[in-house]
Amino acid sequence: MDKTSLIGVILGMIAVFVGMILKGVGLSALINPAAILIIILGTIAAVVTAFPVAEIKRIPKLFKIIFTEQKATSPEELITTFSDWAVIARKEGLLALEGISEQVDDQFLRNGLNLAVEGQSADYIRDILTEEIDAMEERHQAGAAIFSQAGTYAPTLGVLGAVVGLISALGNMDNTDELGKAISAAFVATLLGIYTGYVLWHPFANKLKRKSLEEVRLKSMMIEGILSIIEGEAPRTIEQKLTSYLPAEDRRKWLEGRVKQDG
């Protein structure tokens, strides 16, 4: 479970619902079928119209990505792994890594290691793996675009819902009670549109983009590690190269831990 996604959604609901109560607005005001229909169904309709079927079918998987923590090797573990592999390759040759590659869970890393063991050139391996990263990024961007567009459509549909509500209000100018209800319903539509757009859909899109960037960073580390092993670089050189992918604070902690380990 990705706790930040869940916590964010819960805090967003608390902020709106508790804020309404503190302002003296009853939560029952949100129970407006017309507003819900315009915002939710309208957003779904706009997204379905804007994207091809193949991408729409991926929406359940995208929600899973947003609310689950992806199981992936940490950057620190990758650095240690490549350092160990470099020791083996320098002592026994690249073919010694063939048995190790079969035990690697990550498909991308296993493919890259197999290419190295097969004796492919560094340029060829870099091109193949970089193209795979580019294709992955394109898929990720398409997924994030769905939620980003939903976040754009929803507030606009909120304005549409408000206009519909105000039209209804103008038709009841002689009935004060109905006039008040119609105006209230109009603003409920605006509230739902802004809430879903800026508290749900846009943040969801950003979460997908951030997770994509992290995956690209890990895969880029894998490419550099594999190529460094092919070029016969020393384990310490590989470690120094790969630590450049770590944030400054994490890099400092890792290096300090390495010094203590060697000491």
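Analyst: P60, K61 and K64 are exposed on one side of helix 4. This is a predicted model. Helix 4 spans residues 59-67, and its buried residues include I59, L62 and I66. Those three lie on the same side of the helix, because they cover an arc of only 55° around the axis. P60, K61 and K64 sit on the other side.

Now the wider chain. The protein chain has eleven helices and zero strands. Its radius of gyration is 26 Å, well over the 18 Å that the globule rule gives for 263 residues, so the chain is more spread out than a compact globule. The C-alpha atoms fill a box of roughly 90 × 40 × 25 Å along the principal axes. Buried residues make up 35% of the 263 residues. Among contacts with a separation of 6 or more, 76% join residues 24 or more positions apart.

I7 is in helix 1, residues 3-22. I7 counts as partly exposed because its relative accessibility is 45%. Together with M1, L6, I10, L11, I14, V18 and L22, I7 makes a nonpolar surface patch of about 770 Å².

E224 is in helix 9, residues 176-230. E224 counts as buried because its relative accessibility is 17%, under the 20% cut-off. Leaving aside neighbours within four places in sequence, E224 is in contact with R126, K241, L242 and Y245.

Methods. Residues numbered from 1 in each chain as written. Predicted model: local features only at pLDDT ≥ 70, side-chain atom pairs only at ≥ 80, totals over all residues. Heavy atoms only, no water. Helix = DSSP H or I, 4+ residues; strand = E, 2+ residues; numbered from the N terminus. Buried < 20%, exposed > 50% of the residue type's maximum accessible area, 1.4 Å probe, protein only. Contact = heavy atoms within 4.5 Å. Arc of directions from axis to C-beta. Patch = residues over 30% accessible without salt bridge, like charges linked within 9 Å, V, L, I, M, F, W, Y side chains within 5 Å. Areas by Shrake-Rupley, 256 points an atom, 1.4 Å probe, with all protein chains shown as cover. Salt bridge = Lys/Arg side-chain N within 4 Å of Asp/Glu carboxyl O. Rg over C-alpha atoms; globule rule 2.2 N^0.38 Å.
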